[in-house]
Amino acid sequence: ERLIAALDSPRYAALLRSLDELVGSGPTRRVGKGRLRRAARKGLRRADGRLDGASTDAARHEARKAYKRARYAVEVLRPVAGKPATRLRKRLTASVMAPLR
């Protein structure tokens, strides 16, 4: 009942209108390739750093999460970087899916 009431509320309707306007207006500024590449590299360095010395299950789990974040950063880069970003995304996916040793 509470969920239905929330979905029928004016506040939720206003949120949906705001989201429609945001999506319809497109990006407000362009992000350069260099900035996206730096973000992807930062994510990769962070993931590699988590993997170094990852001897416990918890440490391996943190490394996997870091690789996933790096993969998400690369996915943002794909429209401007093309095939290199696609190949890197595939390698990161394989890294996350494979057991870390």
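**View 1. Arginine 89 in helix H5.** Arginine 89 lies in helix H5, which spans residues 83-97; helices here are DSSP runs of H or I with at least four residues, numbered from the N terminus. The model is predicted, local features need pLDDT of at least 70, side-chain atom pairs count only at pLDDT 80 or more, and totals for chains, interfaces and linings use all residues. Residues are numbered from 1 along each chain as its sequence is written, and side-chain values use heavy atoms, with hydrogens and water left out.

View 2. Arginine 89 is buried but has no salt bridge. Buried means under 20% relative accessible area, with a 1.4 Å probe and protein chains only; a salt bridge is a side-chain nitrogen of Lys or Arg within 4 Å of a carboxyl oxygen of Asp or Glu. The nearest side chain of opposite charge is that of glutamate 75, 4.4 Å away. Leaving aside residues up to four places away in sequence, arginine 89 touches Arg71, Val74, Glu75 and Arg78 (contact: heavy atoms within 4.5 Å).

**View 3. A nonpolar surface patch.** Leu3, Leu7, Tyr12, Leu15, Leu16, Leu19 and Leu22 make a nonpolar patch of about 640 Å². Helix H1 (2-7) and helix H2 (10-25) are the elements that give two or more residues to this patch. The largest share, 5 residues, comes from H2. Such a patch joins nonpolar side chains (Val, Leu, Ile, Met, Phe, Trp, Tyr) within 5 Å, from residues with over 30% relative accessible area and no salt bridge. Areas come from the Shrake-Rupley method with a 1.4 Å probe.

**View 4. Leucine 7 in helix H1.** Leucine 7 is found in helix H1. Leucine 7 counts as partly exposed because its relative accessibility is 42%, and partly exposed covers the range between buried and exposed, the latter being over 50%.

Conventions: Lys and Arg count as positive and Asp and Glu as negative; His and the chain ends are not counted. Patches are made of residues with over 30% relative accessible area and no salt bridge: like charges are joined within 9 Å, nonpolar side chains (Val, Leu, Ile, Met, Phe, Trp, Tyr) within 5 Å.
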